[in-house]
Amino acid sequence: AEPFLSGTSSNYVEEMYYAWLENPKSVHKSWDIFFRNANAGAAPGTAYQSPPPLSTTLSTLSQAQFLVQAQPNVDKLVEDHLAVQSLIRAYQIRGHHVAQLDPLGILDADLDSSLPADIITSTDKLGFYGLDESDLDKVFHLPTTTFIGGNESALPLREIIRRLEMAYCQHIGVEFMFINDLEQCQWIRQKFETPGIMQFTNEEKRTLLARLVRSTRFEEFLHRKWSSEKRFGLEGCEVLIPALKTIIDKSSEKGVDYVIMGMPHRGRLNVLANVIRKELEQIFCQFDSKLEAADEGSGDVKYHLGMYHRRINRVTDRNITLSLVANPSHLEAADPVVQGKTKAEQFYCGDTEGKKVMSILLHGDAAFAGQGIVYETFHLSDLPSYTTHGTVHVVVNNQIGFTTDPRMARSSPYPTDVARVVNAPIFHVNADDPEAVVYVCNVAAEGRSTFHKDVVVDLVCYRRNGHNEMDEPMFTQPLMYKQIRKQKPVLQKYAELLISQGVVNQPEYEEEIAKYDKICEEAHARSKDEKILHIKHWLDSPWPGFFTLDGQPRSMTCPSTGLNEEDLTHIGQVASSVPVEDFTIHGGLSRILKTRGEMVKNRTVDWALAEYMAFGSLLKEGIHIRLSGQDVERGTFSHRHHVLHDQNVDKRTCIPMNHLWPNQAPYTVCNSSLSEYGVLGFELGFAMASPNALVLWEAQFGDFHNTAQCIIDQFICPGQAKWVRQNGIVLLLPHGMEGMGPEHSSARPERFLQMCNDDPDVFPVSSSHAELSPALRC
C-alpha cells in the first residue's frame, strides 16, 4: 500500500525494520519516522510523508514534517541501498574474472579485454548501478549476505568497494555463487570476506618457506645430477608440495587418518619424496640405467609408480596413511580408480561419512578439461553406492597442454568448469603467492570436511621447462617462454618477502637450503648401493594376507569349492521368496519367483539361480560381494531381480540376498550411472583395496566393455607386469547368439587372453574366430 515500496525492495525494508525494532538509532532518521508512523497505526499510504511544497514556510511546519523534509528522498535511499547490494553481489559472482591469477600476467591481459559489463573495479563504472562518485562517502547498511563489515553493520561505499576488492580481486578468485546451498555459500563468503581473516603467524610462514625449499631444491638436485633425464619436474608450480601438505594437515586435524591420492606424471617424484615421504634413495636409484629388476614383468617408468606409507603427521601428531595410486600415461585414468579404492577403504573400516578416509586427485589443466573420464568421475560423487563424501581436486594449471595453448584446448573460460555440474566450489589462486595458496587449501580441506562435497583448487602457475626436460617449448610458445625466462622462482620471491618482514634472516634461509641439500646428497650416496629394483617398494595397495613383509607371495592353498545340498536349497528358497512382511511385488515377478522355487524342488538351475547360489555361498563364508554396472539390480535381460521393489510404497526395496544367514557378509548390488570407463575404473579401485572380496562389474552386453578399454588395457591386463599389482576384479560380459547382431553376440574373449599372455605362439593375434580352437571360443 505504500507507493514507494515494491517487491524488489521488500527484503531490504524487512531487514531495516528488524534493525529498527532492536535499535531505532541503527537506521536512518527517515526510516525511523516511517516505522514510527506505521506502528502508530497510520492508514495505508500515509506512513510515508512526502516533503511539503517549497512555498510552505518553515514556521507553518510541524516538527515531524520538518524532519521528513530535511532527509533525502526515501525512494532514492532505497534505490541506492539496492544498488549497493547489487554491487556486492556482482563482486561475489564475477570478481574472479578480474582477480590477479596468472603469475605471468598473460591470462589477466586476455581476460581484461572481455570483461563482463557489470563488474565494478573502479569508480568510473559506478554509473552502471545508478551511483556516482558523490556516493562514495555515503554510509550504507550491509545486507546479511556479506561479511565484509566484520562487526560493523554499515560502511561508506568507498570502504565497501575496497574490502570487496581485497576479498575477490587479488590473488584468489572464488567461484561459488552457482551453488544452490545457502549455508555453503554463506560459509564460503565468511572465509573470504571477513576482514583480516587471511593471517599467518611467523611460525606458519617459516614452515611454508621450509616446504618450498624442499620442493624447489628437490627438482634442482635432480636437474644437477641427471640433466638429460626425463622426470616431468614441478618447476613453475613448486607450491604444489606445500599445498598438498596443507590439505593433509588440515584433514588430519579434522580426523582423517588415510588419504588416497591419484595424479598424472608431472611432479610425481616430488610428491613421492616430500608428501608421501618415500625414501630418497629409492627414488634416486631409479635413474640408474644399470638397475636390474628383481621381479618379472615389463616394469614402468619411475614417474608412473605408486606408493603406500604410514607415518606420523608432524603438524597434528597423529598417524596418517598415504597412498599414491600408480597411473599410466593416460592422465586422468586413475581418477575413478582412486575413488573406488577410497570407497572400499571407507566400507571396510565402517566410515559411512568419509570422516576417516578421503581422496585427493591432482589434474593437469588440459586433461581436466579435455578428458571425459573427469566428467564421469564427478557424476559418481553423489551417488549413494559410489560417493566418497567429498574429494579435494587440485589442478596444476600450467596454462598449456604439451604444446597446445588453452584457446585451442577447451571451449570454457576455465579448465575447471566441468566441476560446476556437481556444485563444487572452485578456488582459483595465483601459484606465485604461497600464502594465498595455503589459505585456499586450508579452506578447501575444511570445506570438504564440513560439507562432505567435492572441492576444486585451481593452481594457476606455469611450466618452466618443456613438456619434459628434453623438450624445446620455444618452438610453439615463444612469447610465453620469453616471459617465463624472466620469471623469478617462487621460492626466491617468498624468501625475499619473509626476509623483508623480519620473519627469517638470510643466514637462516641459506641454512635451510644447505640442510636439505645435505639430505639429498647423502641419499644419493646410499642409492648407489641399490643394484636391484624391488617393486615391493612401490606398491600402492599392499595385501598383507597375500604377501610377506618383503613383498614375496605367501604360500596358499585353494579350499574345496563344493557345497552341500542343504545350503543350496536354502539359498534357492530365499531366492524364490520375499523375506520382508507386507511387501507387494509385481505380478510378473511373482511368476518368476515361483518358477525359481519349482527349479529348486526339481534340483535344476538356470544361469540366474546358479549365480544366486554362488553368491549366497560366498556370503555365508564372510566374503563381501559387490556387483555394479548398468541395471545390474534387475539384470539387463530381466533375469536377476536381486532388488525387489514394493509396488505400493515409493522407493521401498528389499534385497533377499542380505537375508540368507544370521552373520553373513554384506551383499552390495548397485545400478551404476550410464558409464563404462568411469564405473569399471571405480570397481577396479574397489577391488584393489582387499583380496578378500568378490567385486564384479557387468556390462549390459559384452561388447560394451569397449568404452572402458583404457582400464582393461592399462590396469587389468598389464597391471601385474608393470606394477606387480594384483587385482581380483571380475568382468561379466553377457553375450550370445540371440539374433541381436554380430557385436552383441560376442564379448571377444580372445582379445583378453591375447593381452594377458606373454607367448604369442599360444594365442596368435587374429581377428578371426575361425582360427581359434573350439575350447577358446567357448
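Predicted model: local features only at pLDDT ≥ 70, side-chain atom pairs only at ≥ 80, totals over all residues.
Residues are numbered from 1 along each chain as its sequence is written, and side-chain values use heavy atoms, with hydrogens and water left out.

**Exercise 1: the whole chain**

Find how many helices and strands the chain has, and what share of its residues count as buried.

Step 1. Helices (H or I, at least four residues) and strands (E, at least two) are DSSP runs, numbered from the N terminus. The chain has 28 helices and 18 strands.

Step 2. Buried means under 20% relative accessible area, exposed over 50%, and partly exposed in between (1.4 Å probe, protein chains only). Of the 778 residues, 53% count as buried.

**Exercise 2: lysine 205**

Work out where lysine 205 sits and which side chain of opposite charge is nearest to it.

Step 1. Look in helix H8, residues 202-225, for lysine 205.

Step 2. Lysine 205 is buried and has no salt bridge. A salt bridge is a side-chain nitrogen of Lys or Arg within 4 Å of a carboxyl oxygen of Asp or Glu. Lys and Arg count as positive, Asp and Glu as negative, and His and the chain ends are not counted. The nearest side chain of opposite charge belongs to glutamate 435, 4.1 Å away.

Step 3. Contact means heavy atoms within 4.5 Å. Leaving aside neighbours within four places in sequence, lysine 205 is in contact with residues including Glu435, Tyr494 and Leu498.

**Exercise 3: two helix pairs**

Say how H8 lies against H18, and how H12 lies against H23.

Step 1. Axes are lines fitted to C-alpha atoms, for helices over the stretch in contact, with angles from 0 to 180 degrees between N-to-C directions. The axes of H8 and H18 (residues 490-501) come within 10 Å and cross at roughly 155°. That makes H8 roughly antiparallel to H18. For the wording, angles under 35 degrees count as roughly parallel, over 145 as roughly antiparallel, 65 to 115 as roughly perpendicular and the rest as oblique.

Step 2. Where H8 meets H18, the H8 residues include Lys205, Leu208 and Leu212, and those of H18 include Val490, Tyr494 and Leu498.

Step 3. Now take H12 (residues 334-348) and H23 (residues 677-689): their axes come within 6 Å and cross at roughly 45°. H12 and H23 are therefore oblique to each other.

**Exercise 4: salt bridges**

Trace the salt bridges of glutamate 159 and glutamate 565, out of the 32 that the structure holds.

Step 1. Glutamate 159 pairs with arginine 163 at 2.7 Å, N to O. The two are four residues apart in helix H6, so about one helical turn separates them. Arginine 163 is buried, at 16% relative accessible area.

Step 2. Widen the view: Glu152, Glu159, Arg162 and Arg163 are linked in a network of salt bridges.

Step 3. Glutamate 565 bridges to arginine 603, with the closest N and O atoms 2.8 Å apart. This pair links distant parts of the chain, 38 residues apart: glutamate 565 is in helix H20, and arginine 603 is in the loop between H21 (587-601) and H22 (607-620).

Step 4. Check accessibility: glutamate 565 is partly exposed at 41%, whereas arginine 603 is exposed at 63%.
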